[in-house]
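Please read it with the coordinates open.

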Amino acid sequence: MRQPVITKVSPFHVGNTGGTQVTVTGSGFTGASRVYFQNLNGKEFDAQFNVDNDKQITLISPATPGRSTHQVFVVVGGVDSTVPQVPGAVSDGDSLASPGTGGLTWVSVPSRDNEVHTTEEPLDRGIF
């Protein structure tokens, strides 16, 4: 069994009271047994969901406390989903001492394709 992969979550912002329909896109979703939001402290919030097909899940966002960033995970066969690796830069710690590095080293890091940001209700929908 392959590991499920999330490549997009839409919408990106949801209210913290829950109840927003969210579409999760990726692959390997057939047989999903759990979908959850996890905040930066590791607390998990289960979502009601429907597997539309192997590449899409529709869920209803769970209620979460306050404003926060959450990662969405899909569990299939006891295995949590992952996200694609993307290029990222990290400090190489030499403060530009090595010629040509610019103080950065390019590495592969997990994408943020599975992130959802919660905001306190009501959601701001107007233009300011």
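The points below go from the whole chain to single residues.

1. The model is predicted, and the comments should be read as comments on a prediction.

2. On burial, 38% of the 128 residues count as buried. The chain exposes about 7,500 Å², and carbon and sulfur atoms supply 51% of that area. Among contacts with a separation of 6 or more, 62% are between residues 24 or more positions apart.

3. Strand β8 deserves attention. The strand spans residues 68–76, and seven of its nine residues are buried. Strand β4 (residues 32–39) pairs with β8 in the antiparallel sense over seven bridges; in this pairing Phe37 has Val72 of β8 as its bridge partner.

4. Strand β8 also runs antiparallel to β12 (residues 115–119), with four bridges joining the two. Here Ser68 is partnered by Thr118 in β12.

5. A further partner of β8 is β9 (residues 79–80), antiparallel and joined by two bridges. Val75 has Asp80 of β9 as its bridge partner. The two strands form a hairpin with two residues between them, and Gly77 in the turn has a positive phi of about 60 degrees.

6. Another hairpin is made by β6 and β7, again with two residues between the strands. Strand β6 covers residues 48–53 and β7 residues 56–60; their antiparallel pairing comprises five bridges. Asn50 stands opposite Thr58 of β7.

7. How many salt bridges are there by the rule used? The count is four. One of them joins Asp54 to Arg2, with the closest N and O atoms 2.5 Å apart. Asp54 lies in the loop between β6 and β7, while Arg2 is in the segment before β1 (5–10), so the pair ties together parts that are 52 residues apart in sequence. Asp54 is partly exposed, at 25% relative accessibility.

8. Arg34 and Asp46 form a salt bridge through their side chains, at 2.6 Å from N to O. This pair links distant parts of the chain, since Arg34 is in strand β4 and Asp46 in strand β5 (residues 44–46), twelve residues apart. Arg34 has a relative accessible area of 26% and is partly exposed. Arg34 and Asp46 belong with Glu44 to a network of salt bridges.

9. Which residue forms a salt bridge with Glu115? The partner is Arg112, and the closest N and O atoms are 3.2 Å apart.

10. Is Ser111 buried or exposed? With a relative accessible area of 6%, Ser111 falls under the 20% cut-off and is therefore buried. Ser111 sits in the loop between β11 (104–110) and β12. Leaving aside residues up to four places away in sequence, Ser111 touches Val83, Pro84 and Val86. The side chain of Ser111 also makes a polar contact of 3.0 Å with that of Asp113.

Definitions and conventions:
Residues are numbered from 1 along each chain as its sequence is written. This is a predicted model: local features need pLDDT of at least 70, side-chain atom pairs count only at pLDDT 80 or more; totals for chains, interfaces and linings use all residues. Side-chain values use heavy atoms; hydrogens and water are left out. Buried means under 20% relative accessible area, exposed over 50%, partly exposed in between (1.4 Å probe, protein chains only). Contact means heavy atoms within 4.5 Å. Accessible areas come from the Shrake-Rupley method with a 1.4 Å probe; for residues, only the protein chains shown count as cover. Two strands pair if DSSP finds at least two bridges between them. A polar contact is a pair of N or O atoms within 3.5 Å; within protein, one must be able to donate a hydrogen and the other to accept it, and residues adjacent in sequence count only if both atoms are side-chain atoms.
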